[in-house]
Amino acid sequence: MGARKTDGVGRIDATWNPITGCTKVSPGCKHCYAETLALRLQGIGAPKYKNGFALTLQSEHLDLPRTWKRPRFVFVNSMSDVFHEGVPEEYVHAIFRVMRETPRHLYMMLTKRSERLLELAPRLDWAENVWMGVTVENADYTFRIDHLREVPARLRFLSLEPLLGPLPGLNLSGIEWVLVGGESGRGARPLRAEWVTLARDQCAAAGVPFTFHHWGGENSRLTGRTLEGRIYDEVPARYHRTAQLSLF
């Protein structure tokens, strides 16, 4: 988990959750929006969340993208992590099979479990319509970028969200998109402007598109997403070259 989805830039138009529930692995998980939402849905009796935020394979939703006729830009598992250690490898293969067999859609996947991503990557079927990213919330987790570089995804991206500290010396080799944002919700930790501008400037120097989601805080609608007087909505060149999709 990390970037919830790119609502701010209006790119993602569907989410697909063949898995729900997760466990915390690093500081970025502390105020997980997905956990809060899952427990709320459990509280109102939503059948899909009868287990709350316990890891649950939602096999009845596995084929959902096949039912979408119009091409969509899909965020995969906004309510979990495909590479969670509790997800059987066979089920990960099943998710990748659906993505391979629905080339009209473009899929965006995100994980904090880069070790398992690296382990499984050589055995997975990486279709052209699958983009892979890792969350990096502070300098202690930049090793995830090294793992991501070894993954044969069509496009690799970083979610620096929630950004909890400065990231000097970012190695952006092999990375084609960086998204940055603050933490939202009750008890949200602050996002400092110098951390955001440092990331932006390193992206500019490396020629990597930069998107800034929002400043976060307990009410992110009030804090907005303007950085030094402008909105950053840069997207990868590959996005514009995806001819099957008419999302813009």
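Modeller: Start with Arg200: leaving aside neighbours within four places in sequence, Arg200 is in contact (heavy atoms within 4.5 Å) with Phe210, Leu227, Glu228 and Tyr232. This is a predicted model, where local features need pLDDT of at least 70 and side-chain atom pairs count only at pLDDT 80 or more, while totals for chains, interfaces and linings use all residues. Residues are numbered from 1 along each chain as its sequence is written, and side-chain values use heavy atoms, with hydrogens and water left out.

Biologist: Where does Arg200 lie, and why does Arg200 count as buried or exposed?

Modeller: Buried means under 20% relative accessible area, exposed over 50%, and partly exposed in between (1.4 Å probe, protein chains only). Arg200 counts as buried because its relative accessibility is 12%. Arg200 belongs to helix α5 (residues 193–206); helices are DSSP runs of H or I, at least four residues, numbered from the N terminus.

Biologist: With which side chain does that of Arg200 make a polar contact?

Modeller: A polar contact is a pair of N or O atoms within 3.5 Å; within protein, one must be able to donate a hydrogen and the other to accept it, and residues adjacent in sequence count only if both atoms are side-chain atoms. For Arg200 the partner is the side chain of Asp201, at 3.0 Å.

Biologist: What does Arg100 touch, beyond residues up to four places away in sequence?

Modeller: Arg100, in helix α2, touches Asp125, Trp126 and Ala127. The side chains of Arg100 and Asp125 are joined by a polar contact of 2.6 Å. At 39% relative accessibility, Arg100 counts as partly exposed.

Technical notes:
Helix = DSSP H or I, 4+ residues; strand = E, 2+ residues; numbered from the N terminus.
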